[in-house]
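Please keep the sequence and the 3D view at hand while reading.

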There are 2 protein chains.
Amino acid sequence: MGRPAMSARAPFDVDAVAAAAMDVFLRRGYAATSMDQIAETLGIRKASLYHHVASKEELLRRGVERAFDALTAVFDEPSARHGRAIDRLRYVLTRIAEVTLARAAEASLVIRTRGNTPFEEAIIHRRRAIDAAFAALVGAAADEGTLRADMPPALLARMMLGTTNALTEWYRADGVLTAAEIAQAVAAMLLDGARAPSAISAAAAPPRRGRRVRRG
Amino acid sequence: MGRPAMSARAPFDVDAVAAAAMDVFLRRGYAATSMDQIAETLGIRKASLYHHVASKEELLRRGVERAFDALTAVFDEPSARHGRAIDRLRYVLTRIAEVTLARAAEASLVIRTRGNTPFEEAIIHRRRAIDAAFAALVGAAADEGTLRADMPPALLARMMLGTTNALTEWYRADGVLTAAEIAQAVAAMLLDGARAPSAISAAAAPPRRGRRVRRG
DNA sequence: GTCTATAGCGCGATAGAC
DNA sequence: GTCTATCGCGCTATAGAC
């Protein structure tokens with residue numbers, strides 16, 4: 001237990017406490033993070049946190065608010081609203097990836113939420129609105145004929161958002177690639193594919209091995 | 001609290017308890033699931049669970065074991081070991097998606113693990129071996145020249161596994177699409193792209209801070 | 001093989017001194 | 001604004017009756 005240094009130390013405001021909490025939330029997960037652990041990273045005692053925030057859930061609320069604000073704003077950007085659907089889709093995909101990386105901790109709070117409490121249910125509900133907006137964009141591209149037609153647009157949309165959501169699980173800002181570079185790569189792989197343009201691969205499925213889908 | 005029916009009811013074995021636990025783990029997450037909630041779905045009291053299993057962590061261990069066994073087996077299948085790397089990659093990608101869907105609850109135990117306890121750290125460690133095997137396969141395809149060369153193979157591998165990992169977050173076995181169909185779609189989108197073959201999209205980055213990805 | 005009852009512990013949050 | 005001390009609760013796990 002790091003005894004707090006009684007000597008000089010910058011005073012904390014609520015934003016500093018929230019920022020410290022986001023770090024721990026990203027690494028350990030919200031539920032598995034105790035107020036003790038947040039306090040420890042700040043060099044103070046748990047009880048002192050409650051001078052800055054009213055509850056642990058307030059930290060969660062602050063985080064998801066920032067994530068939702070940033071994500072919903074993407075759909076209002078000019079490049080997301082004008083032009084061919086396929087171009088708007090590429091833009092939105094790139095921007096969602098950028099925002100997810102730039103606000104990785106806050107985004108992971110939204111992504112990992114299971115809906116176990118009433119407040120968590122509200123998060124799920126709000127996330128569905130974003131999912132729906134994105135699915136509508138994918139649907140528009142499908143109607144336009146610029147997306148492959150051999151699978152449902154709703155499935156494409158889910159897989160794409162799955163890919164961006166998964167970014168928070170491994171991305172850390174100190175890597176060699178910038179967030180913008182990774183976001184570009186996400187959109188490029190999802191829309192254009194990972195194959196070299198010239199490489200033609202056997203498109204055959206794996207041989208059927210008895211589809212055991214458990215828990216029918 | 002559902003009072004257990006004292007009348008006739010099939011006796012439980014350890015597998016039935018484990019299967020019930022997996023259902024709840026998938027929906028609520030491992031940490032957020034209490035032994036009380038598992039017992040309730042079986043219609044017995046919490047204390048009775050301990051006649052079948054020694055601890056909550058034993059349930060986690062059983063699920064993780066099944067997930068790892070199924071995933072590692074994929075790399076030993078003949079189609080994963082012979083042929084062009086790009087074809088092996090397509091096969092493994094499809095099979096990983098299939099296995100992730102068929103064992104969604106068990107796979108999610110592995111995927112959501114944060115490494116907060118010594119046992120969880122061991123899970124992370126073992127998962128890294130699978131990630132490495134997959135990354136090696138992607139690297140082989142890159143060396144072969146059948147993957148796009150404008151982004152690092154390691155990044156491609158991470159994004160691909162991110163996409164399959166995300167499947168457990170929304171897939172439920174009662175949907176219209178079978179696990180095999182979804183797995184096919186995952187590999188098709190990741191390797192060939194979501195765009196219609198004819199549709200040429202503006203490849204421009206969002207104007208904001210568009211740095212293009214370089215690096216082999 | 002299931003029950004009731006409870007030990008033991010860690011957590012979020014509060015009270016009040018300094 | 002931080003501290004020590006503690007309350008109250010829910011959790012995993014155990015004890016022992018039936």
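Chain A contains 10 helices and 0 strands, and from the N terminus on its elements accordingly read α-α-α-α-α-α-α-α-α-α. The coordinates belong to a predicted model, and every value below should be read with that in mind. When the contacts in chain A with a separation of 6 or more are considered, 67% of them are accounted for by residues 24 or more positions apart.

**The nonpolar core**

The largest nonpolar core has 132 residues, and those with the most contacts inside it are Phe134(A), Met160(A), Phe134(B) and Met160(B). Met160(A) shows what such contacts look like in chain A, where, residues up to four places away in sequence not being counted, it touches Leu89(A), Leu93(A), Phe134(A), Val138(A), Leu190(A) and Leu191(A).

Helix α4 of chain B, residues 56-74, has 19 residues and reaches 28 Å from its first C-alpha to its last, which is close to the 27 Å expected at 1.5 Å a residue. Its buried residues are Glu58(B), Leu59(B), Leu60(B), Gly63(B), Val64(B), Ala67(B), Phe68(B), Leu71(B) and Val74(B). These buried residues of α4(B) pack against α1 (14-28), α2, α5 (85-102), α6 (104-112) and α7 (118-144) of chain B.

Helix α6(B) is largely enclosed by the rest of the structure, because 8 of its 9 residues are buried. The buried residues of α6(B) are Ala104(B), Ala105(B), Glu106(B), Ala107(B), Ser108(B), Leu109(B), Val110(B) and Ile111(B), and they pack against α1, α4, α5, α7 and α8 of chain B.

Helix α8 of chain B, residues 153-166, has 14 residues and reaches 20 Å from its first C-alpha to its last, close to the 20 Å expected at 1.5 Å a residue. With 10 of its 14 residues buried, α8(B) is mostly covered, and among those buried residues are Leu155(B), Met159(B), Met160(B), Gly162(B) and Thr164(B). Which elements cover the buried residues of α8(B)? The cover includes α9 (153-166) and α10 (179-192) of chain A, together with α5, α7 and α9 (179-192) of chain B.

**Aromatic rings and a lysine**

A search of the whole structure finds 2 aromatic pairs over all chains. The table lists them.

| Aromatic pair | Centre to centre | Angle between planes | Arrangement |
|---|---|---|---|
| Phe25(A) and Tyr30(A) | 5.0 Å | 65° | edge-to-face |
| Phe25(B) and Tyr30(B) | 5.0 Å | 70° | edge-to-face |

The pair in chain B counts as edge-to-face because its planes stand at 70°, and the cut-off for that class is over 60 degrees. In chain A, both Phe25(A) and Tyr30(A) are buried. Tyr30(A) also has the charged end of Lys56(A) over its ring, 4.6 Å from the centre, and in chain B the charged end of Lys56(B) sits over the ring of Tyr30(B), 4.6 Å from its centre.

Phe25(A) lies in helix α1 of chain A, residues 14-28, and its relative accessibility is 0%, so it counts as buried. Phe25(B) likewise has a relative accessible area of 0% and is buried. Leaving aside its neighbours within four places in sequence, Phe25(A) is in contact with Tyr30(A), Thr33(A), Ile38(A), Lys56(A), Leu59(A), Leu109(A) and Arg112(A). One of these, Leu59(A), is 34 residues from Phe25(A) in sequence, while the two lie 9.8 Å apart in space, C-alpha to C-alpha.

**A residue in helix α2 of chain B**

Not counting residues up to four places away in sequence, Ala39(B) touches Ile44(B), Arg45(B), Lys46(B) and Leu49(B). Ala39(B) and Val17(B) are 22 residues apart in sequence and 8.4 Å apart in space, C-alpha to C-alpha.

Terms used: Residues are numbered from 1 along each chain as its sequence is written. Chains are lettered from A and ligands numbered from 1 in the order in which they are written. This is a predicted model: local features need pLDDT of at least 70, side-chain atom pairs count only at pLDDT 80 or more; totals for chains, interfaces and linings use all residues. Side-chain values use heavy atoms; hydrogens and water are left out. Contact means heavy atoms within 4.5 Å. Helices (H or I, at least four residues) and strands (E, at least two) are DSSP runs, numbered from the N terminus. The expected span of a helix is 1.5 Å times one less than its number of residues. Buried means under 20% relative accessible area, exposed over 50%, partly exposed in between (1.4 Å probe, protein chains only). A nonpolar core is a set of buried Ala, Val, Leu, Ile, Met, Phe, Trp, Tyr and Cys residues joined through side-chain atoms within 4.5 Å. Rings of Phe, Tyr and Trp (its six-membered ring) pair if their centres lie within 6.5 Å; planes under 30 degrees apart count as stacked, over 60 as edge-to-face and the rest as tilted. A charge sits over a ring if NZ of Lys or CZ of Arg is within 6 Å of the ring centre and within 35 degrees of the ring normal.
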